[in-house]
Amino acid sequence: MNRASAEVNLSAITDNLKLIKSKTDAQVLAVVKADAYGHGLIQIGKTATDAGADWLGTALLEEGIALRKSGIKIPIISWLTPLGEDFKTAIDLDLDLSISSVELLSEVIAAAKSIKKIPRVHIEVDTGMSRGGVGDDWQMFIDHLIKASKSNEINVVGIWSHFARADEPDEKMNKEQMAIFEDRLKSLATAGISPEFIHIANSAASLTNKGAHKNIIRWGIGLYGLSPDVNNLGDSKSLKLKPAMKLKAKLHLVK
Ligand SMILES: *Cc1c(COP(=O)(O)O)cnc(C)c1O
């Protein structure tokens, strides 16, 4: 007998996906990074797709590649891509990539050229989370972006950012980040680039801030049935989320 096991209830995943679908007009991206928060990458990727997810998202490229190789056809984006990754394979498998610097842009373009494809990219904007994305060098970055876009070296399909404190809905940083994001959208539009997909909301913002939904929301912890923040947003039950994982172990000792 197993000493300990994790049981994953796939119908809870389905229900949690459908719940957020019913609350938004945006497309839903199921976040399946980090082995689907420990629930099993491929299994959750397939379940979320069958339940109506429009996109899958991972941090690491190898997880995006593994999802595509498992036969999943919906759009997949991988957003944590340092220089030197296997962009050729990713582009060949039609993965969307996130771009956060001129250096990365050049590398992705070079990889795509070598297999005669045009890569689909989403621009990551640092609006205050400071974990990634184009920051103060925005103007220099879009100068390069416009050149690459005009010469058909890239297809800018998206622009996105990430809230640092969405689980505290009243925190003023949320508004500040949104204002910077809107400003970047405007400057991109002025430069003649209007990406089809605009996304900034994680689970907490999806649940509390409809104005942040734009046209894709990124549904992470909520997909697994957990509250993004029990104190500020309430527990799973009050949010009508169903926890998908049960941990079981043999009782060893009671004192
Ligand atoms: C992890 C992650 C998410 C999902 O966040 P949750 O709070 O779990 O919903 C969304 N977007 C990005 C970029 C992430 O890294």
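Biologist: How far does a polar side-chain atom of Arg 218 lie from a nitrogen atom of the ligand?

Modeller: This is a predicted model, in which local features need pLDDT of at least 70, side-chain atom pairs count only at pLDDT 80 or more, and totals for chains, interfaces and linings use all residues. Residues are numbered from 1 along each chain as its sequence is written, and side-chain values use heavy atoms, with hydrogens and water left out. A polar contact is a pair of N or O atoms within 3.5 Å. For Arg 218, the distance from a polar side-chain atom to a ligand nitrogen is 2.8 Å.

Biologist: What share of the ligand's exposed area does the protein bury?

Modeller: Accessible areas come from the Shrake-Rupley method with a 1.4 Å probe. Taken alone, the ligand exposes 390 Å², and the part of this buried by the protein is 90%.

Biologist: How do the residues of the shell around the ligand divide by class?

Modeller: The residues around the ligand (a heavy atom within 4 Å) include Val 31, Tyr 37, Trp 79, Arg 131 and Asn 202. In the classes used, Ala, Val, Leu, Ile, Met, Phe, Trp, Tyr, Cys and Pro count as nonpolar, Asp, Glu, Lys and Arg as charged, and the others, Gly among them, as polar. The shell divides into five nonpolar, four polar and three charged residues.

Biologist: What is the volume of the largest pocket?

Modeller: On a 1 Å grid over the protein atoms alone, a pocket is an open set of points with protein on both sides within 12 Å along at least five of seven lines, a cavity is a set where a 1.4 Å probe fits but cannot get out, and lining residues have an atom within 4 Å of a point. The ligand takes the space of the largest pocket, with a volume of about 300 Å³.

Biologist: Which residues are the closest to the centre of the largest pocket?

Modeller: Both α2 (33-38) and α9 (203-208) supply at least two residues of its lining. Of the 20 lining residues, those closest to the centre of the largest pocket are Tyr 37, His 162, Phe 163, Asn 202 and Ser 203.

Conventions
Polar contact = N/O pair within 3.5 Å; in protein donor to acceptor, adjacent residues only side chain to side chain. Sits in = over half its atoms within 2 Å of the grid points. Points joined across faces, edges and corners; volume = space filled by probe spheres on them. Helix = DSSP H or I, 4+ residues; strand = E, 2+ residues; numbered from the N terminus.
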